[in-house]
Amino acid sequence: MTEVFAFTDGACSGNPGPGGWGVLFQARDGDRLLRERELCGGEALTTNNRMELMAAIMALETLSRPSSVTVVTDSAYVKDGITGWLAGWKRNGWKTAARKPVKNADLWQRLDAARARHDVNWQWVRGHDGHPENERADALARAGMAPFRP
């Protein structure tokens, strides 16, 4: 059975500063790689957290039809936000438990809408730890940032 994976990463040079996001898609049948696709992009002035969110958003928005997909991220912010904090933020009118506005609410709302079309499994991996697909997603994020660096 074919499984779809989206390995995502964000990068920023300075925080805020020029940033990039990257996505490595893989379709697999067990251990056998069937196909791959890479995406990247960036912004001139952003934060690392925004780029981590953009990577996950672009992964899900790029899928042309509802899919079962595993999103693999090295961002605890993205993983914890989407699997834990989001429901409370929505209940609280996009405010934190401390009643402060949720940072990056525009992107969290976009990610929430993008995931609604799919059956998404969220996985966290340690960044910069030799995970081959995470390293490739990191390289894509840095490539997406490159046009915006001085």
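Which residues in helix 2 meet which residues in helix 3? In this predicted model, Tyr77, Val78, Gly81, Ile82, Leu86, Trp89 and Lys90 of helix 2 meet Trp108, Leu111, Asp112 and Arg115 of helix 3. Sorted by residue class, this contact consists of seven nonpolar, one polar and three charged residues. Two packed helices are described by the angle between their axes and the distance between the axes. Here helix 2 spans residues 76-91 and helix 3 spans residues 105-116, and the two pack at an angle of about 95° with their axes 11 Å apart. Helix 2 is therefore roughly perpendicular to helix 3, since angles of 65 to 115 degrees fall in that class.

The largest nonpolar core holds 30 residues, of which Val23, Leu60, Trp108, Leu111 and Trp122 touch the most other members. At least two residues of this core come from each of strand 2 (17-29), helix 1 (48-62), strand 4 (68-73), helix 2, helix 3 and strand 5 (119-124). The greatest contribution is that of helix 1, with eight residues. A further core of seven residues lies apart from this one, and its members include Phe5, Val72, Ala137 and Leu140.

The surroundings of two residues were examined individually. When residues up to four places away in sequence are not counted, Val23 touches Ala6, Phe7, Thr8, Arg37, Glu38, Leu39, Ala55, Ala59 and Leu140. Val71 lies in strand 4 and counts as buried because its relative accessibility is 0%. Its contacts, leaving aside neighbours within four places in sequence, are with Ala6, Thr8, Leu60, Val120, Asn121, Trp122 and Gln123. Val71 and Phe7 are 64 residues apart along the chain, yet their C-alpha atoms are separated by 6.0 Å.

The cysteines were considered last. A disulfide is a covalent bond between the sulfur atoms of two cysteines. A search of the whole structure finds zero disulfides. For Cys12, the closest cysteine sulfur is that of Cys40, and the distance of 15 Å is too far for a bond; the cut-off applied is 2.5 Å. Cys40 is likewise in no disulfide, with the sulfur of Cys12 as its nearest cysteine sulfur. Cys40 counts as partly exposed because its relative accessibility is 39%.

Methods. Residues numbered from 1 in each chain as written. Predicted model: local features only at pLDDT ≥ 70, side-chain atom pairs only at ≥ 80, totals over all residues. Heavy atoms only, no water. Axes fitted to C-alpha atoms, helices over the stretch in contact; angles between N-to-C directions. Helix = DSSP H or I, 4+ residues; strand = E, 2+ residues; numbered from the N terminus. Parallel < 35°, antiparallel > 145°, perpendicular 65-115°, else oblique. Contact = heavy atoms within 4.5 Å. Nonpolar A, V, L, I, M, F, W, Y, C, P; charged D, E, K, R; others polar. Core = buried A, V, L, I, M, F, W, Y, C linked by side-chain atoms within 4.5 Å. Buried < 20%, exposed > 50% of the residue type's maximum accessible area, 1.4 Å probe, protein only.
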